[in-house]
Amino acid sequence: KQAASQPFSETFSTLGIQVNAIVDPARTGPGNQFHFYLIGRLGQPVAIPEFDVSISLPSQNIGPLSIPLLSLGQGHYVATHVDIPIAGTWVLKLLVRTTAIDEQVVVASLPVH
């Protein structure tokens with residue numbers, strides 16, 4: 001029960017960037033906040049040309065649902081009041097593009113209670 005009350009947190013490394021992802025509280029309903037911090041090799045926030053996020057629930061054939069992001073400054077993206085309609089193990093998909101040709105997709109399992 002305690003694990004269900006913890007926010008989701010995951011760190012990805014791709015294309016020389018560290019992406020810290022936090023989803024709080026990661027439960028069903030409209031109150032979820034998604035935060036993403038993009039950190040460069042020297043530990044500084046970095047801006048990139050494209051950063052897109054979506055979630056899907058393959059077991060229920062839902063999605064992908066695009067998560068509309070707002071930039072809160074260099075290397076910090078947020079989406080508030082995100083409605084996750086049902087519980088389950090969602091797939092969090094991040095598209096990271098650092099140049100016109102360098103792009104990578106990273107995925108993680110997002111448990112929603």
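In what order do the five strands of the open sheet lie? I began my notebook with that, keeping in mind that this is a predicted model.

**Entry 1: the sheet.** I traced the open sheet and wrote down β1-β2-β3-β7-β6, with antiparallel pairing. I then looked for its edges and found β1 (8-14) and β6 (70-71), each of which pairs on one side only.

**Entry 2: β2 and β3.** How many bridges join strand β2 to strand β3? I noted seven, between residues 17-24 and residues 29-39, and the two strands run antiparallel. I picked I22 to follow across, and its bridge partner in β3 is H35.

**Entry 3: cis peptide bonds.** I stopped at P25, in the loop between β2 and β3. The peptide bond joining D24 and P25 is cis, with omega about 10°. I also looked up P64, which sits in strand β5 (residues 62-67). Here G63 and P64 are joined by a cis peptide bond, with omega about 15°.

Entry 4: L15 is not a glycine, yet its phi is positive, about 50°. Is L15 buried, exposed or partly exposed? Its relative accessibility is 33%, so I put L15 down as partly exposed.

My last stop was N61, in the loop between β4 (50-57) and β5. N61 is not a glycine either, and I read a positive phi of about 55°. Its relative accessibility is 73%, and the cut-off for exposed is over 50%. N61 therefore goes into my notebook as exposed.

Note on methods: Residues numbered from 1 in each chain as written. Predicted model: local features only at pLDDT ≥ 70, side-chain atom pairs only at ≥ 80, totals over all residues. Heavy atoms only, no water. Pairing = 2+ DSSP bridges. Helix = DSSP H or I, 4+ residues; strand = E, 2+ residues; numbered from the N terminus. Buried < 20%, exposed > 50% of the residue type's maximum accessible area, 1.4 Å probe, protein only.
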